[in-house]
Amino acid sequence: MGHFTLSSPDIPAGGSVPAHFEFDGFGCSGRNESPALYWSGAPEGTKSFALTVYDPDAPSGSGWWHWFVIDLPADTAALAPNAGAKGGVSLPQGARQIRNDYGAFAWGGLCPPPGDKPHRYVFTVHALGVDSLDIPDDASAALAGFMVNANSLAKASFTSSYGR
């Protein structure tokens with residue numbers, strides 16, 4: 001087993017997220033496109049992956065889910081730029097997007113309140129020991145998160161920040 005890692009050519013780990021990944025709405029004017037992501041070194045026994053992007057600094061009392069993808073096949077090692085578009089046409093066959101906190105089944109770009117300190121965005125890929133998660137298509141991110149954590153063999157993540 002190798003070292004499980006997640007990276008992006010578009011977003012530097014520990015650095016700032018470029019502005020074009022910002023949401024287009026709520027006073028933000030980005031392109032609302034998800035970044036390219038790559039992972040490697042998943043543990044033996046991995047049967048699928050889940051990918052999450054979470055802002056623990058959102059002033060919601062519970063953080064903010066920007067993207068939640070489940071049922072990524074075990075042979076997946078990357079997501080192309082803008083794979084988080086509505087409809088999931090750029091995702092691998094069988095993958096499902098869970099509703100984000102904007103209410104969409106898609107990538108929801110960054111949009112911290114103006115004047116807030118830069119928010120942290122945690123990008124995580126989970127190696128799962130099941131082929132797919134037995135949850136409804138309209139499951140909440142909390143339910144999906146519970147099931148991901150219950151079936152996780154390992155996870156890899158990086159954190160970047162963004163403010164406006």
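Hi everyone. Before we start, this is a predicted model, where local features need pLDDT of at least 70, side-chain atom pairs count only at pLDDT 80 or more, and totals for chains, interfaces and linings use all residues. Residues are numbered from 1 along each chain as its sequence is written, and side-chain values use heavy atoms, with hydrogens and water left out.

Let's begin with the sheet. Strands here are DSSP runs of E with at least two residues, numbered from the N terminus, and two of them pair if DSSP finds at least two bridges between them. In general, strands of a sheet pair through backbone hydrogen bonds, either parallel or antiparallel. Here we have an open sheet of three strands, ordered β1-β4-β7, with antiparallel pairing. The edges are β1 (5-7) and β7 (78-79); each has a single partner strand, so one side of each has no neighbour in the sheet. Between β1 and β4, which covers residues 37-40, there are three bridges. If you want a spot to look at, find Ser 7, which stands opposite Tyr 38 in β4.

Now to the rings. Rings of Phe, Tyr and Trp (its six-membered ring) pair if their centres lie within 6.5 Å; planes under 30 degrees apart are stacked, over 60 edge-to-face, and the rest tilted. That gives ten aromatic pairs. One of them joins Phe 4 and Phe 49, a tilted pair with 6.3 Å from centre to centre and 35° between the planes. Phe 4 sits in the segment before β1 and Phe 49 in β5 (residues 48-55), so this pair ties together parts 45 residues apart in sequence.

Phe 4 is buried at 11%, and Phe 49 is buried at 2%.

Phe 23 and Phe 26 make an edge-to-face pair, 5.6 Å between centres and 65° between planes. Phe 23 is buried at 12%, while Phe 26 is exposed at 62%. Ring pairs also link these two with Trp 64 and Tyr 102 into a cluster.

Last stop: His 66, in strand β6 (residues 64-73). His 66 is buried, at 2% relative accessibility. Its side chain has a polar atom 2.7 Å from the backbone oxygen of Gly 108, and reaches the backbone oxygen of Gly 109 at 3.1 Å.

Methods:
Helix = DSSP H or I, 4+ residues; strand = E, 2+ residues; numbered from the N terminus. Buried < 20%, exposed > 50% of the residue type's maximum accessible area, 1.4 Å probe, protein only. Polar contact = N/O pair within 3.5 Å; in protein donor to acceptor, adjacent residues only side chain to side chain.
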